[in-house]
Amino acid sequence: MRAVVQRVVSSNVKVDGEVTGQIEKGLLVLLGVGEDDTEKDTSYMVEKIVNLRIFEDEDDKMNLSLKDVGGELLVVSQFTLFGDCRKGRRPGFSDAARPDKADEYYIDFVNKAKAMGIKTETGRFQTHMMVELINDGPVTLLIDSKKNF
């Protein structure tokens, strides 16, 4: 499982002009599910992201987590995180999970975040989405459950 995590002041996602998810201070997570991912990957990613200490404390040090600051989460599915661009000019997506599996793990991620008491909003799986954000910092991190980077 892979994620691009962005600390935001606000963010929203729209499908056909309709807002499907919107947050204020928190994290925008672009989430990709890999073909060989398991429930273990989902648990690891939720724990890692919710507890990442990337918000400033009173000394302006990144020392607080999403939970610590009462932040919100916007999770948007993005299979293109598994795009392999090493050969040619067209990315290959053979490492990305098939839609049925990806949707199952995406929903599992969202439900686990909600179970941790985090206000969690979403995009709409397998649709063309427009994502707006105001990146705070900017702070942007890449996370891979297999620890490839």
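I looked up Pro 138 and found it in strand β8. Strands here are DSSP runs of E, at least two residues, and helices are runs of H or I, at least four, numbered from the N terminus. A cis peptide bond joins Gly 137 to Pro 138, with omega about -5°. I am reading a predicted model, where local features need pLDDT of at least 70, side-chain atom pairs count only at pLDDT 80 or more, and totals for chains, interfaces and linings use all residues. Residues are numbered from 1 along each chain as its sequence is written, and side-chain values use heavy atoms, with hydrogens and water left out.

**Helix α3**

I turned to α3 (99-115). This helix has 17 residues and reaches 24 Å from its first C-alpha to its last, close to the 24 Å expected at 1.5 Å a residue. The expected span is 1.5 Å times one less than the number of residues.

Which residues of α3 are buried? I noted Lys 101, Ala 102, Tyr 105, Tyr 106, Phe 109, Val 110 and Ala 113. They fall within an arc of 165° seen down the axis of α3, so they line one face of the helix. The arc is taken from the directions from the helix axis to the C-beta atoms. Buried means under 20% relative accessible area, exposed over 50%, and partly exposed in between (1.4 Å probe, protein chains only).

On the other side of α3, I found Asp 100, Glu 104 and Ala 115 exposed. The buried residues of α3 pack against β3, α1 (39-51), β6 and β7 (120-122); contact means heavy atoms within 4.5 Å. Gly 117 follows α3 and has a positive phi, near 85°.

**Positive phi outside glycine**

I checked Asp 60, in the loop between β4 (55-56) and β5 (62-64). Its phi is positive, about 60°, although Asp 60 is not a glycine. Asp 60 is exposed, with a relative accessible area of 64%.

I then checked Gln 126, in the loop between β7 and β8. Gln 126 also has a positive phi of about 60° and is not a glycine. It counts as exposed at 61% relative accessibility.

**The largest pocket**

Where does Gln 126 turn up again? With Ser 77, Gln 78, Phe 79 and Thr 80, Gln 126 lies nearest the centre of the largest pocket, which is lined by 23 residues. A pocket is an open set of points on a 1 Å grid where a 1.4 Å probe fits, with protein on both sides within 12 Å along at least five of seven lines; lining residues have an atom within 4 Å of a point. β3 gives the most to this lining, with four residues.
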